[in-house]
Amino acid sequence: MHNHATQRGEPLGAEGALDGFVRVAGGLRSDMTRGLLDFWTALRGRCGGLPTRAMVEPAAIGSRILPHIFLCEYLDDGGVLIRLQGSYLGSRAYQALTGQRIGPKSFGGNSSAILSIYNAVRALERPIGTHERSMRPDCPVIVAEVLHTPLAAEPGGPARFVLGALDRIDEADPASAEGALWGRFAVKLVDPL
């Protein structure tokens, strides 16, 4: 298990930032999400604080993980804009979201749950992992492991971006064993640290 903490980071669920989410025992299962966590942790070690967006060099992430990557930006009006998404997200997760805001148009009725995860990453300034199950009429059931890591715009600044990775996981995976009981969209927290 990884043992990483951010400079101002708090325990997962501190001060009610993630109330209402079910916790899953264990850590990250996907090589893609674990690889991004290792990359983010190395950046944090180099700068001694919250890594900045300028520190992210795609070649350093690795060609195997890059298709699973997404980058989002916190907007001044409280919204979150999806700046880019890797090719895996469009082809395997059935979503083409680059340039869209997280909201009802992009995520339907699930947008408030998704935004609460982004808001928690910003408030806690630490990585947050999730297992997410989504059922839509236009695609098969998707069970994904998602890692959200905070990035600052400038050294010493607050979280302004989220660099994340998404990978589908097997519904029979022990961390998602309760999947059959979830509704149309459900999120379970995975503490990556």
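What follows is a friendly set of questions and answers on this predicted model.

Student: In what order do the helices and strands run from the N terminus on?
Tutor: Let's begin with the count: the chain has five helices and seven strands. Reading from the N terminus, the order of these elements is β-α-α-β-β-α-α-α-β-β-β-β.

Student: What share of the residues counts as buried?
Tutor: A residue is called buried when its relative accessible area is under 20%. The chain has 193 residues, and the share of them that is buried is 54%.

Student: How much of the accessible surface belongs to carbon and sulfur atoms?
Tutor: The total comes to about 8,800 Å² for the chain. Of that surface, the part belonging to carbon and sulfur atoms is 52%.

Student: Which residues touch the most other members of the largest nonpolar core?
Tutor: This core holds 43 residues. Elements that give two or more residues to it include α1 (31-47), β2 (69-74), α5 (111-124) and β6 (159-168). The members that touch the most others are Phe70, Tyr118 and Leu163.

Student: How far apart are the end C-alpha atoms of α1?
Tutor: Helix α1 has 17 residues, and at 1.5 Å a residue it should span 24 Å. The model agrees with that expectation, because the end C-alpha atoms of α1 are separated by 24 Å.

Student: Which residue has a side-chain oxygen reaching a backbone nitrogen at the start of α1?
Tutor: The backbone nitrogen belongs to Met32, and the side-chain oxygen comes to within 2.9 Å of it. The residue that supplies this oxygen is Ser30.

Student: Is Thr33 buried or exposed?
Tutor: Thr33 is found in helix α1, and its side chain reaches the backbone oxygen of Ser30 at 3.2 Å. Beyond its neighbours within four places in sequence, Thr33 is in contact with Leu28, Glu145, Val146, Leu147 and Ala165. Its relative accessible area is 0%, so Thr33 counts as buried.

Student: Which residue in β3 is the bridge partner of Glu73?
Tutor: Strands β2 and β3 run antiparallel and are joined by five bridges. In β3, the partner of Glu73 is Leu81.

Student: Which residue takes a positive phi in the hairpin of β2 and β3?
Tutor: Five residues lie between the two strands of this hairpin. The positive phi there is near 95°, and the residue that takes it is Gly78.

Student: Which side chain does the side chain of Asp76 join in a polar contact?
Tutor: Asp76 is in the loop between β2 and β3, and at a relative accessible area of 74% it is exposed. The polar contact between the side chains is 3.0 Å, and the partner of Asp76 is Arg160.

Student: Which residues of α5 are buried?
Tutor: First, the helix itself: the 14 residues of α5 should span 20 Å, which agrees with its end C-alpha atoms being 20 Å apart. An α-helix has 3.6 residues a turn, so residues three or four places apart point the same way. The buried residues are Ser111, Ile114, Ile117, Tyr118, Ala120, Val121 and Leu124.

Student: Which residue's backbone nitrogen does the side chain of Glu125 reach?
Tutor: Glu125 sits in the loop between α5 and β4 (128-136), and its phi is near 50°, a positive value in a residue other than glycine. At 7% relative accessibility, Glu125 counts as buried. Its side chain reaches a backbone nitrogen at 3.2 Å, and that nitrogen belongs to Ala159.

Conventions. Residues numbered from 1 in each chain as written. Predicted model: local features only at pLDDT ≥ 70, side-chain atom pairs only at ≥ 80, totals over all residues. Heavy atoms only, no water. Core = buried A, V, L, I, M, F, W, Y, C linked by side-chain atoms within 4.5 Å. Buried < 20%, exposed > 50% of the residue type's maximum accessible area, 1.4 Å probe, protein only. Helix = DSSP H or I, 4+ residues; strand = E, 2+ residues; numbered from the N terminus. Areas by Shrake-Rupley, 256 points an atom, 1.4 Å probe, with all protein chains shown as cover. Polar contact = N/O pair within 3.5 Å; in protein donor to acceptor, adjacent residues only side chain to side chain. Contact = heavy atoms within 4.5 Å. Pairing = 2+ DSSP bridges. Expected span 1.5 Å × (residues − 1).
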